[in-house]
Amino acid sequence: MTQYKNYSLSKYLDCLSSKDPAPGGGSAAALVSATGASLVSMVARYSLGPKQSKSVRLKIKTILNKSEKLRQRLLVLVDLDAEAYLQVVKARKGTLAQKKKANKKACDIPLEICRLSYAAVQLTPFLAEKGNPYLLSDVTCAVEMLLAGFQSAMANVEANQ
């Protein structure tokens with residue numbers, strides 16, 4: 001299986017813009033959400049400092065730990081969604097059971113993208129309030145990307161049902 005997560009941005013976008021069925025919208029949704037989670041991590045890292053209370057630093061470290069796990073899983077989903085959609089294409093010539101199984105998998109992955117995107121958005125209010133004030137626009141960008149990833153993944157769920 002192709003490992004799009006290891007491609008350069010340029011090469012991934014070349015593949016995404018090609019006439020091949022994958023990667024497609026679900027893979028792109030995962031990448032957009034992974035980018036949003038990356039911004040959450042960046043803001044958390046810049047927000048850790050000696051001027052904050054111990055409890056704030058601890059909370060930011062927890063946010064960073066969670067955002068990194070979400071980012072890494074979302075990056076894996078870039079490839080898993082593409083793989084699942086190729087199975088949908090392959091199953092079109094198969095039995096009804098094969099089609100249902102492929103469609104279920106093609107729904108499960110974007111649903112996970114939605115769940116992870118939502119979880120990442122939940123990390124942002126604390127950073128907006130207690131994080132580095134110079135990075136508030138990055139928090140906003142993170143939220144917008146995570147919402148875009150969520151909504152794009154949901155479109156794929158609806159299309160693959």
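Student: Which residues line the largest pocket?

Tutor: On a 1 Å grid over the protein atoms alone, a pocket is an open set of points where a 1.4 Å probe fits, with protein on both sides within 12 Å along at least five of seven lines; lining residues have an atom within 4 Å of a point. Here the lining includes Leu 80, Gln 87, Gly 94, Lys 101 and Ile 109. This is a predicted model: local features need pLDDT of at least 70, side-chain atom pairs need 80 or more, and totals for chains, interfaces and linings use all residues. Numbering starts from 1 along each chain as its sequence is written, and side-chain values use heavy atoms, without hydrogens or water.

Student: Which helix supplies the largest share of that lining?

Tutor: Helices are DSSP runs (H or I, at least four residues), numbered from the N terminus. H3 gives six residues, the largest share. H3 (54-91) and H4 (96-121) each supply at least two.

Student: How many salt bridges are there in the whole structure?

Tutor: Side chains of opposite charge can pair when their charged atoms come close. The cut-off is a Lys or Arg side-chain nitrogen within 4 Å of an Asp or Glu carboxyl oxygen. The search finds four. One of them joins Arg 73 and Glu 112, with closest N and O atoms 2.7 Å apart. Arg 73 lies in H3 and Glu 112 in H4, so the pair ties together parts 39 residues apart in sequence.

Student: Is Glu 112 buried or exposed?

Tutor: Buried means under 20% relative accessible area, exposed over 50%, partly exposed in between (1.4 Å probe, protein chains only). Glu 112 is buried at 18%. Arg 73 is partly exposed at 32%.
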